Amino acid sequence: MAQAEIPYQEAIPLHDPHSWITKYWFSQDHKVIAVQYGITAVAVGLVALVLSWIMRTQIGFPGMFEWITPDIYYQSVTMHGMIMVIYLLTAFLLGSFGNYLVPLMLGARDMVFPFVNMISYHVYFASVIILMLGYWPGMEGPTGAGWTLYPPQAILSGTPGADWGILTMLASLAVFIVAFTMGGLNYITTILQARTRGMTMMRMPLSIWGIGMATVLGLLAFPALFVSAIMMTLDNVLGTSFFMPAISTAGADHEYEGGSPLLFQHLFWFFGHPEVYIVALPAFGVVSDLISVHARKNIFGYRLMVWAIVAIGGLSFIVWAHHMYVAGMHPYFGFFFATTTLIIAVPTAIKVYNWTLTLWRANIRFTVPMLFAIAFVLTFVVGGLTGLFLGNVIVDVPLSDTYFVVAHFHMVMGVAPILVIFGGIYHWYPKITGRMLNDTIGRIHFWITFIGTYAIYFPMHFLAIPRRYYEYNVGESAILTQSMDILNQSITITAYIVGIAQFLFIYNLIVSYRRGREAGDNPWEANSLEWRTPQTPPVHGNWGEQLPTVHRWAYDYSVPGEETDFIPQDVPRKAQA
Amino acid sequence: MAEAAAESTGLASIAKDWSSDVTTFKGVPWGKAMMWIFLLSDTFIFGIFLTSYMTVRATTAEAWPNPSEVFSLTLFGTTVPLLLIAIMTFDLITSSGTMALAVNYGYRRDKKKAVIFMLATAFFGAVFVGMQAFEWYKLISEGVRPWGNPWGAAQFGSCFFMITGFHGLHVSAGVVYLSIISYRVWRGKYDNTNFEIVEITGLYWHFVDLVWVFIFAFFYLW
């Protein structure tokens, strides 16, 4: 059968870059945009890393540094949380992996609207700049309201940054959402309408399913944050009372009257819970591909993996109030949300079983990406199990606002996705640059990060002290025993070490770009389409004259009776005997 | 092949079509698919605006001002409730009609009429924004502010200015969008396409119109 021309894909010419600026700065190539997203996200992530050091220094060694005032401490806590969740994890997993992998894995020449995609990155960059304006010298500094930004405290004096800091934060979030929407519309439209010949939905690599579903969640959940950012800005600037009840501080009444702080919590978590899965689903997808490639075995239960991603995505919209058990909801609400929360453990457990069964009796190659992938599964199980405790109303109430919660969410949505990001970078760096990352440095980086994060977060489960305290031992009211102090100090010191190890990783990224071993087209002997480009790194337009044709799924590893242990997606099937 | 045919009936065949290669929605241009997805996201924005409005209206302790008194207009000595809003709604619904005509003429490749009706739509949109400005002016001169008003709960003004303002911005953006697209259609930028662009613009316009119907129902009639 003659191959029909794919509508739009092959008819529309690409905008080839002509100058340095259009090639590297205002580029419309999805691969360049992905790298731009990645570099910006890592840079802002390093800021958040330093902020976590400030915060841990205060907890581990209170009073050692005079300049860590309560304001600085709370601002560091807030900015660390917001940067990590939004500007690093979301931006990296969707902006960087999403942009790089979606067109390449689907066999497309680029995103469907490259111009919109380019604008998306620059608006994201603007949102980072606006966020950092919070530190503008002479102003009061960024907000210290905690990353959840709960009113009324977020905009009342007494909370650091109640005038300037909260405004830069809200403006930055609104701008970020605009950037994400432009990028997200592109990812979804590309996945739906721009796949190559033979790339049916059920042949897409799981990375694409994860990224696609996370983008759907983002497009439907970010509106809640957008709207609440607008309303809180109005409360702060114009003196409206959307979220502000009648309130008085130090005997003086404020102008506010009749608003609903609980409304903000509902809106925030209607965004905030899907946000957890916006981060987790791309990680699920990418890790499935890493495990399958490096275990030389097809992913166990592909269809179930796909439906688990879809089910988790759907369920994530009806569990948000489990963040609000202590906020004063109706108890029946708590019952409903506890039930839905525990139901979400079913598809998630299916995924963990399937990863384990993929590894079972596989021909595992312990490469650096594989180490990170296995570490992800372990960390995700540890973090996920504590989620079962926190999902139950009656167990959650005493655990609320303690380090048990901090340990839980850092394990499950902090460390686990970061491990996947590392794994993904080690895995795809050879495709992006044409060179391998240094293996020895990679292994050192892995072991320090993996053992270090356990040394940091595992003890926090037992260190069940309240969170967001600036200082625990004040005179007579000291509440920590000496053993708890020692635990806090050891956590802080480990945090320094793990943080420094990340600079080792960045050194590796920079040095290997010039000096790394030549990678060749397909160093991991993987099947999916991004390893089948005519050039490495892929050039603008990705595929040369003709788009590839897909004949099989992405997981034909170790097929019995075949000569090689991998059969790429664009290799035709043998004629049936 | 009989088995394959038997397999592909009903729901299974729909799933098979959607998950087939290249495109999920056959014959749908990229821009149209993208506009539909954007509108889905925008639906959530307006949905959350309206839900928030209903929540604060339910939680605020003070009485809510009576919309049919607040939004009445006195003409020739008689006070007619919701008169201006009725005219505005009529105007916007009319603009949807002209937009539908523009889409139809676009697909018939009648460029001239398509452009005329798109510009007519933009005109009705601009008239709507103008009437909204008049409504804001009237309410502001009567003492309604985002932080308070003479008749009751302060949230009345907050919600009113925020939601109608956000909708007004959408209409204004639509007027600009329509003007740009009609100029480009006229200049022949889309001559080698089926003029789907007119339909894509129309999708946005009808959406803005539909949102108004909900704002009208929840804000003015309740």
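Two residues are taken to be in contact if their C-beta atoms, placed from the backbone, lie within 7 Å. The model shown in these views is a predicted one.

**View 1. The contact between chain B and chain A.** In this predicted model, 32 residues of chain B are in contact with 37 residues of chain A. On the side of chain B that touches chain A, the elements giving two or more residues are α3 (30–59) and α7 (155–187) of chain B, and the largest share, 14 residues, is that of α3(B). By residue class, this side of chain B divides into 19 nonpolar, 11 polar and two charged residues.

**View 2. Helices α6 and α7 of chain A.** Helix α6 (residues 206–237) of chain A packs with helix α7 (residues 261–294) of chain A at an angle of about 165 degrees, and their axes are 8 Å apart. Because angles over 145 degrees count as roughly antiparallel, α6(A) is described as roughly antiparallel to α7(A). The crossing in which α6(A) passes α7(A) is left-handed, and the residues of this contact comprise 24 nonpolar, six polar and two charged.

**View 3. Helix α13 of chain A and its buried residues.** The 24 residues of helix α13 (residues 439–462) of chain A should span 34 Å at 1.5 Å a residue, which agrees with the 35 Å between its end C-alpha atoms. The buried residues of α13(A) include Gly442(A), His445(A), Phe446(A), Thr449(A), Phe450(A) and Thr453(A), and also among them are Ile456(A), Tyr457(A) and Met460(A). An α-helix has 3.6 residues a turn, so residues three or four places apart point the same way. The buried residues of α13(A) pack against α10 (368–391), α12 (403–433) and α14 (482–515) of chain A.

Notes: Residues are numbered from 1 along each chain as its sequence is written. Chains are lettered from A and ligands numbered from 1 in the order in which they are written. This is a predicted model: local features need pLDDT of at least 70, side-chain atom pairs count only at pLDDT 80 or more; totals for chains, interfaces and linings use all residues. Helices (H or I, at least four residues) and strands (E, at least two) are DSSP runs, numbered from the N terminus. The expected span of a helix is 1.5 Å times one less than its number of residues. A residue is buried if 20 or more other C-beta atoms lie within 10 Å of its own, exposed if 12 or fewer, and partly exposed in between; C-beta atoms are placed from the backbone. Axes are lines fitted to C-alpha atoms, for helices over the stretch in contact, and angles run from 0 to 180 degrees between N-to-C directions. Angles under 35 degrees count as roughly parallel, over 145 as roughly antiparallel, 65 to 115 as roughly perpendicular and the rest as oblique. A crossing is left-handed if the near helix is turned anticlockwise from the far one by less than a right angle, and right-handed if clockwise. Ala, Val, Leu, Ile, Met, Phe, Trp, Tyr, Cys and Pro count as nonpolar, Asp, Glu, Lys and Arg as charged, and the others, Gly among them, as polar.
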